[in-house]
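This briefing is for a reader who has not seen the structure before. Please look through the sequence and the model first.

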Amino acid sequence: MKRKFRILILVFLLLGGGYFSYQGLKIEIKARVAQILLHYAWHNSLEKGEPVKPWPSFDGSPVLKLEIPKYNISQIVLSSTSGQSIAFGPGFHNETFLPHANKTTAISSHRDSHGLYIKKLKKGDIIKIQDIDDTWYHYSVDDFTILNVNENNNLSNINGLLLITCYPFDAITSGTPLRFIVTAKKIKL
């Protein structure tokens with residue numbers, strides 16, 4: 001009887017541990033699988049010259065591809081920063097402009113999944129952005145800013161690329177009003 005009880009407790013603990021491990025990794029797993037589907041949709045978008053949804057119920061589509069060779073980053077940027085979009089990949093701020101306009105281009109990512117690399121960036125790092133017309137734009141990291149979104153902040157006067165994520169990086173809870181912003185200036189290679 002004691003042996004059966006011990007086995008039952010062991011099975012219960014293993015199942016409980018597996019469940020909580022899955023819950024902890026669920027966002028990361030979803031993000032990685034989604035990037036595979038998003039890369040496929042991006043290739044279809046390049047072929048057709050227009051955005052193609054990665055799956056029918058998705059509320060966005062790929063609009064850019066972001067690459068940072070130094071850190072082996074290759075991500076598809078989605079057409080909005082809605083909750084569904086940003087859960088699957090970095091999101092393009094529709095109130096900003098695509099790179100060909102030579103104005104502000106802003107992209108947001110979650111600090112603990114797609115934007116994990118942002119805290120590693122250093123001045124001078126090269127960021128590459130590809131648009132749906134298969135044109136590549138190159139940027140060089142120029143500055144870093146911490147911003148409180150509850151204050152009146154205007155970033156539209158920055159001519160370049162903004163990579164945005166929540167801050168502080170090691171916060172236990174999400175939803176702080178602070179954002180870490182990487183500013184990169186367009187360069188010619």
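Residues are numbered from 1 along each chain as its sequence is written, and side-chain values use heavy atoms, with hydrogens and water left out.

**Overall build**
- The protein contains two helices and eight strands, where helices (H or I, at least four residues) and strands (E, at least two) are DSSP runs numbered from the N terminus.
- Read from the N terminus, the order of elements is α-β-β-α-β-β-β-β-β-β.
- Along the principal axes, the C-alpha atoms fill a box of roughly 75 × 40 × 30 Å.
- Of the 189 residues, 41% count as buried, meaning under 20% relative accessible area, with exposed over 50% and partly exposed in between (1.4 Å probe, protein chains only).
- Among contacts (heavy atoms within 4.5 Å) with a separation of 6 or more, 56% are between residues 24 or more positions apart.

**Confidence**
- The average pLDDT (the predictor's confidence in each residue, from 0 to 100) is 87, and 95% of the residues score at least 70.
- Among the elements, H1 has the lowest mean pLDDT (79), whereas strand S5 (residues 126-131) has the highest (97).
- Where pLDDT is low, the predicted coordinates should not be read in detail.

**Nonpolar cores**
- A nonpolar core is a set of buried Ala, Val, Leu, Ile, Met, Phe, Trp, Tyr and Cys residues joined through side-chain atoms within 4.5 Å.
- The largest has 21 residues, and those touching the most other members are Leu66, Ile107, Tyr117, Ile127, Ile129, Leu161 and Leu163.
- Two or more residues of this core come from each of strands S1 (62-68), S2 (73-78), S5, S6 (136-148), S7 (161-166) and S8 (178-187).
- S1 gives the most to this core, with four residues.
- Another core lies apart from it and has ten residues, including Ala34, Trp42, Trp55 and Leu78.
- Leaving out residues up to four places away in sequence, Ile127 touches residues including Leu66, Tyr139, Leu161, Leu163 and Ala184.

**Leu37**
- Leu37 sits in helix H1 (residues 2-48).
- Leu37 counts as partly exposed because its relative accessibility is 38%.
- Beyond its neighbours within four places in sequence, Leu37 is in contact with Pro54 and Trp55.
- The C-alpha atoms of Leu37 and Lys53 are separated by 9.6 Å, and the two residues are 16 residues apart along the chain.

Note on methods
Predicted model: local features only at pLDDT ≥ 70, side-chain atom pairs only at ≥ 80, totals over all residues.
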